Amino acid sequence: GESLATAARTLLHLSVAALSDDDQVAAKAALVRVINEAFARAEPSFSSRDGESDEANESIESNETIESSDECDALLLTLTLCAIAAKPLDGSNDEYKSHSRVLAMDLIRQLLEGPV
């Protein structure tokens with residue numbers, strides 16, 4: 001849960017702020033792998049809902065329950081990326097915040113398109 005979100009934030013930080021390009025690439029690759037693994041573990045839970053009725057899907061959409069810890073992990077990673085992408089720049093020209101937001105938005109885009 002929360003440890004996974006912290007790990008994702010740390011990997012994102014390293015992929016933006018590491019001093020060497022090799023370290024940045026390695027951190028981003030590790031982050032992508034963490035995201036892929038979390039969504040791969042949650043995928044069976046998501047797939048089992050495909051055949052459910054519209055009534056069941058409405059209760060899921062109303063945020064009634066999340067059935068597994070795998071689903072929670074995938075949701076938490078998504079929310080973490082969204083929080084980073086939505087952080088305001090406060091009018092400053094902070095290069096770290098800009099790069100973090102761009103990377104988070106790119107990962108969200110890739111999630112929406114399919115496996116990262």
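Which residues does Ala104 touch, not counting residues up to four places away in sequence?

**Figure 1. Overview of the predicted chain.** This is a predicted model, in which local features need pLDDT of at least 70 and side-chain atom pairs count only at pLDDT 80 or more, while totals for chains, interfaces and linings use all residues. Residues are numbered from 1 along each chain as its sequence is written, and side-chain values use heavy atoms, with hydrogens and water left out. The chain has 5 helices and 0 strands (DSSP runs, H or I of at least four residues for helices and E of at least two for strands, numbered from the N terminus).

**Figure 2. Surroundings of Ala104.** Ala104 touches Leu12, Leu81, Ile84 and Ala85, where contact means heavy atoms within 4.5 Å.

**Figure 3. The largest nonpolar core.** This core has 16 residues, and those with the most contacts inside it include Leu12, Leu81 and Ala104. Such a core is a set of buried Ala, Val, Leu, Ile, Met, Phe, Trp, Tyr and Cys residues joined through side-chain atoms within 4.5 Å; buried means under 20% relative accessible area, with a 1.4 Å probe and protein chains only.

**Figure 4. Packing of α4 and α5.** The two helices, α4 and α5, pack at an angle of about 140 degrees with their axes 8 Å apart (axes are lines fitted to C-alpha atoms over the stretch in contact, and angles run from 0 to 180 degrees between N-to-C directions). α4 is therefore oblique to α5, since angles under 35 degrees count as roughly parallel, over 145 as roughly antiparallel, 65 to 115 as roughly perpendicular and the rest as oblique. Among the contact residues are Leu81 of α4 and Ala104 of α5.

Key
Buried < 20%, exposed > 50% of the residue type's maximum accessible area, 1.4 Å probe, protein only.
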